[in-house]
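The structure is displayed first, and my entries follow.

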Amino acid sequence: MKKLSLRRSTILRRSTIVASAFFLLCSGGFLQAATSGAGAPQSSAVETIVIPGPLRSFMRMAAISQKVSPDDVVPLLARNIFMQGYQQDRQTEFLRLVDRYVQQARELQILAGSANNIHVDNCDDAGTLIQILGYRLREGCGTQKFFLETANPERAFLTIDSGFPLTDLEEALQRGTPFNYAYAPSRVPVLFHESDWITLSNGRKQSYVTLLDELINDPAVARLYWAMTKVDAETRVALQRSPGLRRLLPVAPSLDFYGSQIVIRSGHVVVPGGAWTQVTWRDLAGASPDNPSEFVPRLLAKDNGWLAAYFDVLSRISESQREHLTEKGRLKRFYEDLRGTDLEPPATHGVFRQVPDLLVLFTRLQWDPNGDPHVPGDLDAWKHILHQKTDSKIIRDWSKHNRSLDTPEQLLDAMVAFSRVVTDSGPLQIYLTMCEIDEQRAPGQRLSPATVSLLANQFPQFNNWYLVFSEFPALTDESATHFVNIADAIDKVSNESLRGNTLGAFQANIGLWQVLARQGEIPTADLNSSWQKTIDPFTRITSSTQLFDATRNSLGSLLTAAGAPPNSQPSDIISLLAGPPQNTPDGRRVHQELARRMDAVLEDQHLVSLDTLFSLSDGLDAMAQGKPAPANMLALAGELREFEMPRPIFTASEKIDWSPRVYTAHHAELQVQTDLTKVIKTPGNPAQLEAARGQLAPFLRDTLVGLNYAYYEPPGAQILHNNPLFVRSHDFTEISIVGTEQFWQTPMLLGVGTPAGGGAYLMGSLTDLPHALAMTEEDFIAPENVQALIWKELVPDLLVSATLPRWWNVTPVELHAVALYQRSGEELLTASVKDPQLRTKVAGILADRMTPRRLERIEDAMQHEDDLKAMLPRMMPADTFYLAAEFRSRYPAEAAASGPASQQLDDLVRQHPTDTSWQRLSKDFGVPHPTLARTYGREILNVKPFPFFGGYSSRLFGESWESNNLYWARLADEMGYPPVMLNRLVPELTRRMTAKIFATDLEDWPAMLRAMHETGDDLRHGKIAALPTATATALRESQPVQPDQSAPNGIKQ
Amino acid sequence: MKKYLLLLGFLALPLAGARTGASAQEETSRIRVSVVLVQLNVAVTDNKGNYISGLKPEDFAITEDKIQEKPATFEEGNGPTRRLVDVSSSDKKSFTEVADNVSSTPVSATDGSQRFAGANVFILFDTSNYMYRGFVFAQDAIADFIRSLEGVSKLALYSYSRDLSRVTTLTPDRSQVLRGVRNTVAGDDAALYNGLLLTVKDAAPLTGRKAIVVFSNGPDNASLVPPEDVAELAQSTGTIIYMISTQQAESEPVSTAVFERMSKATGGKAYFSKDWQDEKQAFNSIRDDLAHLYAISYYPAQNANHGWRAINVKLVGKNLQKYHIRTRAGYRVLQTAQTQPAPEEAAAK
């Protein structure tokens, strides 16, 4: 059996019947720019081309979501052809199928005739049709029961894959009734004229008469076509006119990756930085921006595309950042830093666009009050950091030529240069992390040089854990140092089993601390001291017994810090993790449900309760002191043995032969062998009893690790409930892969697709656990659309945005404010149709958040009421939210004028300034940005949607989607749910949304928006039975009426 | 407070709130609710594979962890379910029951499609890249299988590649299922055991006979759950798994091993034909199997084991020892979380 594709990160199934062309040719695209206008007005009159047969069938074959507008069909076809249609200059199976389908559809089109209808009177009349379809009649016409069966598998596959109604045909023939199938050709818009593209192939051996054939047979033209669709209409027309498509063809890869931000207006290229940077851009590109026909091709071609990449990054960042980065000669200097001396590999090389870290750096860069870039610690610390040993030639070269580091500017020069280094733990990553930690701290409490040096020295090992210091600025330098020292000491534990258990227990308790701190259950004033008390006990671990005691002490401190009463049971931690105590019926109900869900995970993982473990330990301790064994000891010891390994399907030797990995369920197997009954029945000496206590340490580790897993359980999780080895198999010491020692790194998912391997499990640390669990569980969500697959690269971020936050402290005012901001944004857009001045203001604000192409479409829509009405559902909630907030900030006097929601919002803001503040709403309804902002703290960042990058940076794309929680909150407000219900609603709605996503490529924002709205509609129409409908009673009970909450504000009381 | 629910065969009835475990602490912190009616589907065949019909309840001896169990209901094929009352004397086992006038004679495997109207059958179709070349032939085979199952109560068609697709949820409408078959799309990785797990969970809440028939070429390169977990869940929920494959699967021994062992453990069978056009024998076999199964249920006797419980079914009497028995090997005490929730998506569709 020939394996056709092992590609796992695509979204539509058909697109995966290809070889690995994706890796060779994939660019990131900008589908949202190209497709945002489903139903939205087109700014230019368009010619159409003919697609034979129904559009739906063609889209199935071409791996295009059947939910996109006809406008987007040719762009997406072009995109799929150049990204997946060729491998080493040969057509892939995917493209061969498209090509064959087109031929088959043309045959059927002829059969359909001028009536555009395939008509068959009866069985005897069906021969030609059935032959074209690749089938034959089994038993033949006239027999009592006959069926269609495959005669020509190639044709039959096309028939099936394109969705031809074969069963209808079969049934009609069986019944002896006529079969009719409308088979009209489809017309779809094309950029410019069809002939403009066909003539690009002149000079080659073969020319084609239709654009469809041209695209299928020339991936370079297909890529240029796709690239041009991402440019705004005015710019596109200007480029077509001059320099023209033929001259752009060689730079199509650069235009595809980095061209979407190029804007030509009135014969000039709008350069990032404004008019006063034109001269610099002229010098850099070798042509004036006033001469687009020269400037654009040179920009795209210069330095192997690196200048275009630089232009693109500068265009994507905020205006205020751009001002900093283009002043004081920085614009030119930074480009020289980025360019360096080596232009290889080209910026257009590979599957994904380059320099994601430059975009992150320029997006997040902090400036001191004197205008200098921020320097965490001091320059001396950075001198040391920059001259550390490295494998990177770029860093070595820089160090060789830049011995001195005397100014913050020089440090920033280095960071820009290092943005081309592909790593996740280089000096730039250290810089970004330290800056984020400093950003959260008060000016007088920034990281000291010594702490920066220490954290930098240990960065390759512990960098993923530093996010806790940016999330919790109350943690001091001393706490950070303490953590590093203890973690370092744990690494040095020589016994591998003890080290694994210590790593697990230590990290698990830190994870629990994070949860309780994040939920506000540890008072802010106690955060630092409780942190230290939680980690202190692990300072020096030398035995399992000591580890057990240390872990218990650590947990005890944690419980105390979270306000647990002195007589509370250890297992009360579940109630604390479920959330702060609630005083409303709804709150209590949701709280109990969350606790039950965590309990269910612990049960299904067969983890031993903390109460049992601590009782056993106490009993053994008492026995060591000569006291008799407590009466329940044997029963408690029996609980340790309740866990059983799954019934084996494979023999031990088969597992070795068929499961290539090193790791086995050794940790779990040891637990199965643990039997304390003997030592309880016939007590040994104190040392033996102490050793017996040590045997409890692995159980304790697993239960605490299990609590972390349970807290972050993704909606729809299956592994957590069906593979009882999952938690126990967590490989903390990385014995699964020989030679790796990344104990503190984000966990990797191993054991996928190895049936004899015992199931998937995580290897690494517990940092970033929510994301790792989401990755593990995402494929258990069943897509609703035929041909759709779970969007592997995006869905984990969506799920994390739903599982990490909790909404216990959200007030009804906040919830309503979130809804009003979005509605107010929509009112501003609507009002702008009749108010040109307002339109300009609105467009100016939206420009902060969207690509020129998308902004152009919205500006076009703002010209006509009907167009705007069609556009509103296509606005992202984060856009309308930002629009209203920013408009209120820039034009406070006009804030209430655009409609009733704006008026209500204005009233609400005046009455509840804190609850309605941007800062508060951003914290409560934002999403974590562990890659972009290096913190799990929630925030709405207001950035333009990030393009898709490769490697770890792929998460930037998902992290820049900030609309979900805002939309769910609006829904909850509209439907009268109390805020605490968000704890239930958000995970469930996110799961359902995930199942509905029907996307075509890796930047398909509109597909997410569609899925979100469809989910919202389901909720509104009562189709989501699992969620209780809101009741006025519930609201009354859960929302105590505040004196300043009045009905006119729209808050449902 | 921890709560264990024992849901076996999903004919679960709450019987008692029997506590287990001896510790005082456990008594105050746990309630284990024993809720059980275990249902077994038992195939009895002779050496030639012919099904043996006409057996009586007392012809079967059932033990669970070597503890003798008393049948509560008994049903042959699609005959009426008979409630049994134990009227055994100390040395002779017997039950009072409804009409019992059949003889224990072998019957050949003929078309018994009308005899198992109560069965719910889930078809799970591998639409991964591994099936690409034979995709249309496999579709034809599945269509044939569906047509051959006239009389089955309800059918569902699911497909899987990396993800599961509930193409047609459980329905009595055969035409709808056939449409579903022709609407499947090929491509992507294969996560058979993920898909099978979700299918078993969908089947779990159903009462009566339920079977999953998997059409797959074998390889799995994307599952996260191991086949052991799926097999246990299928056994514990009384779901029979049949695997229909081709000889291509035999080139990968791990697939062959799983197919054979998993189907056997659940009381089903695995079939490896020459190619997808040659599956008739498998279809006939499954059809006959479903038609001739004895459905025997029992309330488990007191058993302190809350882990895996081994089931053993034997025929009683010298004359019957020549026959072979096929049924599931046991079950594991389940927890509620493993069997909830029912897929709302399926209901919505």
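In which sense do strand S13 (residues 120-126) of chain B and S14(B) pair, and over how many bridges? I found that S13(B) and S14(B) pair in the parallel sense, over 7 bridges. I took helices (H or I, at least four residues) and strands (E, at least two) as DSSP runs, numbered from the N terminus. I counted two strands as paired if DSSP finds at least two bridges between them.

Conventions. I note that this is a predicted model, in which local features need pLDDT of at least 70 and side-chain atom pairs count only at pLDDT 80 or more, whereas totals for chains, interfaces and linings use all residues. Residues are numbered from 1 along each chain as its sequence is written, and chains are lettered from A and ligands numbered from 1 in the order in which they are written.

Entry 1, S14(B). I looked up one bridge on each side of this strand. B:Val121 has B:Leu155 of S14(B) as its bridge partner. B:Leu157 is bridged to B:Thr168 in S15(B). Strand S15 (residues 164-171) of chain B runs antiparallel to S14(B), with 4 bridges between them, and a hairpin of 3 residues links S14(B) to S15(B).

I call a residue buried if 20 or more other C-beta atoms lie within 10 Å of its own, exposed if 12 or fewer, and partly exposed in between, with C-beta atoms placed from the backbone. In S14(B) (residues 154-160), 7 of the 7 residues are buried. B:Lys154, B:Ala156, B:Tyr158 and B:Tyr160 point one way, while B:Leu155, B:Leu157 and B:Ser159 point the other way. In a regular strand the side chains alternate between the two faces of the sheet.

Entry 3, an open sheet in chain B. I traced 4 strands in the order S7-S6-S20-S22, with antiparallel pairing. Strand S7 (67-69) and strand S22 (330-332) of chain B are the edge strands, each pairing on one side only. Strand S6 (residues 60-64) of chain B pairs with S7(B) over 3 bridges, and B:Thr63 has B:Gln68 as its bridge partner there.

Of the 349 residues of chain B, 55% count as buried.

I found 8 of its 11 residues buried, so H23(A) is largely enclosed by the rest of the structure. Among the buried residues are A:Leu411, A:Met415 and A:Phe418.
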